[in-house]
Amino acid sequence: MTIAADVTDKDLLNDQKTPENVLTNGLGLEAQRYSNIDKLTAKNVKQLRPVWAFSLGGEKQRGQESQPMINDGVMYVTGSYSRVFAIDAKTGDEIWQYDARLPDGIMPCCDVVNRGVALYGDLVIFGTLDAKLVALDAKTGKVRWKKKVADYKAGYSITAAPIVVKGKVITGLSGGEFGIVGRVIAYDAKTGAKAWERPTVEGHMGYAWQDGKKVETGISGGAPGRTWPAELWKHGGAAPWLGGTYDPDTDLLYFGTGNPAPWNSYMRPGDNLFSSSRLGIDPDDGKIVWHFQTTPHDGWDYDGVNELISFNYQENGKTVKAAATADRNGFFYVLNRTNGEFIRGFPFVDKISWAKGLDKQGRPQFDPSNRPGDPSNAKQGKTVVAAPSFLGGKNWMPMAYSQKTGLFYVPSNEWQMDIWNEPTAYKKGAAYLGAGFTIKAINEDYIGVLRAIDPKTGKVVWDYKNYAPLWGGVLTTAGGLVFAGNPEGYLMAFDDKTGEVLYKFNTGSGIVGSPVTWTMDGEQYVSVLSGWGGAVPLWGGDVAKRVKHFNQGGMVWTFKLPKS
């Protein structure tokens with residue numbers, strides 16, 4: 001049996017430079033999802049063949065949103081319902097499987113998904129739907145430590161892949177639809193001892209643990225009530241449910257935060273910090289160093305969780321330390337990653353109705369007629385047609401940045417929604433929305449659009465239109481390729497400069513996972529999880545009808561070129 005070597009902090013920092021392993025979610029802590037392997041090219045990718053397929057098995061299908069990790073010939077993937085598998089990457093044989101014992105009362109808003117593990121030392125660490133962090137022995141799958149992060153009965157869960165920085169495993173929490181208080185929380189990766197926690201709603205105290213003692217580290221935002229009314233901040237949402245990225249150059253974690261609770265914005269006048277924002281966080285103590293809010297006073301569920309990817313570019317002979325994000329609200333933002341200052345922003349979808357544009361600071365210029373109406377004196381406020389829909393111009397599915405082309409490859413969707421507000425009140429463990437909605441396609445022939453975007457100009461260099469919504473991640477390589485999957489089940493490879501489809505393979509179920517590539521014995525491999533699910537069929541309204549015949553699944557597919 002293959003035995004993988006221990007993973008060090010240095011290994012994690014060098015992940016993008018070590019093609020034989022994939023040790024981080026995003027092929028590097030910056031999560032560019034760029035591989036410097038160039039054995040697969042536009043000329044030979046047509047010869048790509050499956051070499052093994054591993055079934056996650058059982059009756060637990062639903063959405064498979066995991067990204068595979070590979071260390072010394074062992075692959076680690078998570079499955080729906082908080083499962084972890086160790087697989088021999090050469091043969092596809094199972095080494096071990098771990099199934100979390102989930103209680104009956106879990107409350108995931110958007111399917112029973114999990115997006116992957118973190119690797120550190122000889123541990124495989126992941127989050128569960130009942131809001132625990134679990135560290136497994138990488139060789140045996142046995143539990144080494146387990147920590148309750150939050151109370152699942154109050155609506156908390158974990159679906160993100162954790163991130164490990166400087167020996168700490170760091171995770172965000174899900175649950176914004178239940179009026180939870182978002183938090184980013186760090187633990188000692190080897191022992192599970194709590195290191196710090198930072199609430200992402202203004203007014204809540206942060207803490208650090210020093211020599212086993214809990215120490216106050218300051219109130220997020222300085223004080224309660226500055227951008228929230230009355231007591232609403234006590235259940236303010238702002239869940240950092242997608243997890244984070246890390247930039248060693250600035251020594252900052254970058255986490256995005258979800259919607260403010262409830263959705264009914266008339267109940268909470270103000271900007272509602274730090275909801276629908278990007279945060280620069282000190283990994284040593286959890287301090288919020290800077291913030292940038294993409295949707296102040298969010299009234300459309302435009303979570304700001306989407307990944308913030310570090311990259312550099314040249315301008316007037318100088319290197320700009322930038323970071324980019326494609327927001328649910330339909331705007332693409334380029335920020336200064338050292339301080340969070342706005343550099344530029346532009347639409348990356350065709351239709352945005354809730355705002356007329358962005359001002360010089362990147363703040364949206366609202367269209368007052370497109371905010372759902374106030375329901376104070378009625379059972380229901382005025383309905384508006386808002387674009388994008390609350391599922392976003394881009395949702396969780398990660399984009400990729402190519403160091404070769406300087407382009408971002410963004411899985412986006414063109415859809416809109418009827419949305420209206422309703423009265424609501426907080427009750428522990430109950431949905432806390434105060435809104436209703438119906439999602440609709442804008443175009444008859446496509447919803448999903450994979451776009452190649454120049455972050456310096458906003459120009460769309462090419463696009464690929466897909467009938468169903470795109471809901472899986474993107475990978476780009478030094479070989480000039482872009483890999484992405486679609487709900488129709490195809491893993492596709494595109495030319496990174498032209499968007500020409502060079503390769504298609506039907507995996508038998510919709511792809512909502514993120515592909516990876518690595519080398520073994522001198523050959524380049526590509527792997528992706530296949531298994532339809534996620535938020536679209538659950539929340540999708542008219543759009544769900546477009547995908548209702550897609551079959552669920554649960555397979556890891558692995559490909560390479562034939563040796564001959």
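**Notebook: a predicted model, from whole fold to one residue**

I began with burial: buried residues make up 64% of the 564 residues in the protein. Buried means under 20% relative accessible area, exposed over 50%, and partly exposed in between, with a 1.4 Å probe and protein chains only.

I noted the ground rules. This is a predicted model, where local features need pLDDT of at least 70, side-chain atom pairs count only at pLDDT 80 or more, and totals for chains, interfaces and linings use all residues. Residues are numbered from 1 along each chain as its sequence is written, and side-chain values use heavy atoms, with hydrogens and water left out.

**Entry 1: overall form**

I looked up the secondary structure and found 3 helices and 40 strands. Helices (H or I, at least four residues) and strands (E, at least two) are DSSP runs, numbered from the N terminus.

I then checked the size. The C-alpha trace spans about 70 × 55 × 55 Å along its principal axes.

I picked β8, residues 123–127. How many of its residues are buried? I counted 5 of 5. L123, I125 and G127 point one way, while V124 and F126 point the other way.

Next I traced the pairing. Two strands pair if DSSP finds at least two bridges between them. β7 (residues 118–120) pairs with β8 in the antiparallel sense over 3 bridges. Y120 has L123 as its bridge partner. The β7–β8 hairpin has 2 residues between its strands, and G121 in the turn has a positive phi of about 55 degrees.

On to β9, residues 132–137. I found 5 bridges joining β9 to β8, and the two run antiparallel. V124 has L136 as its bridge partner. This hairpin has 4 residues between its strands, and A131 in the turn has a positive phi of about 65 degrees.

**Entry 2: A452**

I moved to A452, in strand β32 (residues 448–453). Is A452 buried or exposed? A452 is buried, because its relative accessible area is 0%.

I listed its contacts (heavy atoms within 4.5 Å). Not counting residues up to four places away in sequence, A452 touches L407, F408, Y409, K459, V460, V461 and W462. I also looked up V482: it lies 30 residues from A452 in sequence and 9.8 Å away in space, C-alpha to C-alpha.
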